[in-house]
Amino acid sequence: MQPTPEVVLAVVFLPFLAAAFTPVVYRLFGERTAYFAAAVALVTLGLVTDLYLAGAHGTVPLEWIPSLGISLAFHVDGLALLIAFLASGVGVLILTYSGGYMHGEPGQAKYYATLLAFMGSMLGVALAGDLVALFVFWELTSLSSFILIGHYTGEKASQYAARKSMLITVSGGLFMLVGFLLLVWASGQTGAIEGTTYSIPVLVEHADAIREVLTASGLLVPVLVLVGLGAATKSAQVPFHVWLPNAMEAPTPVSAFLHSATMVKAGVYLVGRFRPLFLPEDAAVLGEWTLIFAVLGLLTMTVAAMLAVSATDIKELLAYSTASHLGLIIAAFGFANSYGAEAGAFHILNHASFKAALFMVAGIIAHEAGTRNIDRLGGLRKHLPVTAVIAVVASLSMAGFPPFNGFYSKELLFESTYYAAEHMGGVAWILPVVAVFGSVFTFLYSIKFASLFFGDEPDGLGHVHRPPAAMLVPPAILGALVLAISAQPNLFIEGLIGDVYGSVVPGEAHSFSVHFPTKLTPYVIMSLITIVVGAAAFPFYDRIHDAINAALRGPVRANWWYDNFVEGLTTTSVAVTPKIQTGLLRTYATWGLFGFVALALGGYAAAGVSMPGFSTLSVSIPIVLVLLVALVAAFAVDVAPSHVAGVLTLSIVGFMVAIFYILADAPDLALTQLVVETLVLVIFLLVLDRLPAFYGDAPDRLVSVRDGLLSLAVGGTVFLTVLLSTDASPDPLLQEFFVARAGVPAEHGPFFADYGGGSNIVNVILVDFRGIDTMGEISVVVMASLAILTLIRMRTRGETQ
């Protein structure tokens, strides 16, 4: 059935509304604001559940920018509901967990307000049915995560992490925006769609026609790469994975929420959402889509798993493991066979369940043991028995150990890589090999995390406290969810994941099922190899850890490239700034005018404009004389010996323009020009009273030549602009409308709003038809005047006054 608009809008905007009131709530309830925020998330979860139980599928459009065909549309389907369930459901647990974890922490009002705003942004991404709405909410997730990652504003590490995440994710979003614009352009070229469209469901409905246009114009691969960059940066795919480990500087609840169930899921959501658009029903196993996303995902899955083994901090280990599992989902969605879609859809749920639990476990360890260093942790089950059970269950699921839920989705990935290699043959057999190789490292770091609760306690560990209930119950619920999915995976597939599969498969979708393996198949053998090799290699974990760290030197590290790039930008700006910011008006005018010329002429060239034709050209003798006087005055300005002489000769040009208006039968413009020119002349002369009487030394010849050439370029650009603008032919209907509506109507009452009621059409246009523009211009003048008045009043004060 069609979703109820009020419910969909409440799902998206209730968290934003609650975020606005959070500072007031914090003043009243202090740290118990956590439970207010959790209650908001619970209500949101209830609304999402209502959409799910009602079987809501469809689009809710709201007019936004009708002149451009842009609507604030929200689309409800299986994929949207899954992400919405994760954002709101895990949000309830994270905000409750924060009530215990954030006790005594600074900035809690900002923390809870931003966390709610982030949840709303993620819900907006999940439910967005329009490219513009998707981009807006996409960037809101980057902005809110920037604030959350940099929560400890006084820490340099937090500042560095927040800047890195913002730079990488926002840059990727801008590339994605270009891809969206190309999609909109292609939709307008199909002929199958009336005009252009920003609607995602409409784009998917006409996927074949859009792919044909993109392929014919050579833009299919560029659009895939542009959209892929948005997904890769947000979901921390290689080489953009570098921001995710640094983001662990945020409080652990933020890490658990943003980097397991929500923000990083935005990238895989994007790939799943656009999969039906770019992957035709009869696609070959190897195509542009598979080549880009399957390879990217498997590479990230393997590299990030190896980096997780090299980690020395438990949150760093989980951060790299997050990137690895996101790579698994990207790779799964990249394969054209049905097993890939099944694996991607199912692993979104599985990864959120066990990874959010593990992040909360890491928070408990750090909070109660006082350290996150892996070498300083061990034997924690004696102090944290319930936490140990949760950690073991979630770790085995993360490792893909049967019969836990992570095993089933990884088995589907193995199946998709095997059948892809079997279909293509040759070098394609490297795909299942890489999948197994990466999974061995996944097994290693997962067992390593679980082993922190066993063995002997390291020296210096100290007393480990029991966590409060607010911190223990949320991960316990997620651990129970892992067990429930593991026990009845098909129940969750039939109830929710089947619809997700239908959202990411082009054409007629079908559900699927998974079963515990009872016979030896190629992909079962792949799972056995993973477990056996992983178990055999685990005793050598420390050696493998040291070997990977020894290899991570210099350019091998992605961070080396990022840090050097940012440092290079800083060094370049430091070197260039003194050459641009010289403190001389001449320099600023030169750069400003050069930019004007370059942009104007570049725009004309890109638009392919041509010089207008002159069929008849007749100029009267008086106009010729006026223009000659103006020309002589312009030359006189350049050779004037003083400021006063230069201003006086410049005013001659202005007065000649006024006379030109009179000769051209425009007395109102002439009067305006005379008034403005007289006022400017008087103001100039008043200012000159405070300046030296003569000009300074002339600049050197090179600067003079540069300025002369630039002045010619500016004059030529203005001349061309005037020719092009005056050659335009406005719609005569517009002229007729102004003429008909500017005066007083023949019949009217004491009040009327449909007519201007004036005798001067120019004045009516300025005051009535474009009155808002005029008011804005007046406001700008008023603000500038106030600023100038303030500077004048402060001119006698010192720098410290």
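Predicted model: local features only at pLDDT ≥ 70, side-chain atom pairs only at ≥ 80, totals over all residues.
Local features are reported where pLDDT is at least 70 and side-chain atom pairs at pLDDT 80 or more, while totals for chains, interfaces and linings use all residues. Residues are numbered from 1 along each chain as its sequence is written, and side-chain values use heavy atoms, with hydrogens and water left out.

The structure holds 7 salt bridges, a salt bridge being a side-chain nitrogen of Lys or Arg within 4 Å of a carboxyl oxygen of Asp or Glu.

Select D208 and R211, whose closest N and O atoms are 2.1 Å apart in a salt bridge. Both residues belong to helix α8 (residues 207–216), where they sit 3 residues apart, about one turn of the helix; helices are DSSP runs of H or I with at least four residues, numbered from the N terminus. R211 is buried, at a relative accessible area of 10% (buried is under 20%, exposed over 50%, partly exposed in between, with a 1.4 Å probe and protein chains only).

Go next to D313 and R372, which form a salt bridge at 3.1 Å, N to O. D313 lies in the loop between α13 (288–309) and α14 (314–334) and R372 in the loop between α15 (338–369) and α16 (385–399), so the pair ties together parts that are 59 residues apart in sequence. D313 is buried, with a relative accessible area of 18%, whereas R372 is partly exposed at 25%.

Then select D773 and R770, joined by a salt bridge at 3.8 Å, N to O; D773 is partly exposed at 44% relative accessible area, and R770 is partly exposed at 26%.

Finally, select R586, R706 and D707, which are linked in a network of salt bridges.

Definitions and conventions
Helix = DSSP H or I, 4+ residues; strand = E, 2+ residues; numbered from the N terminus.
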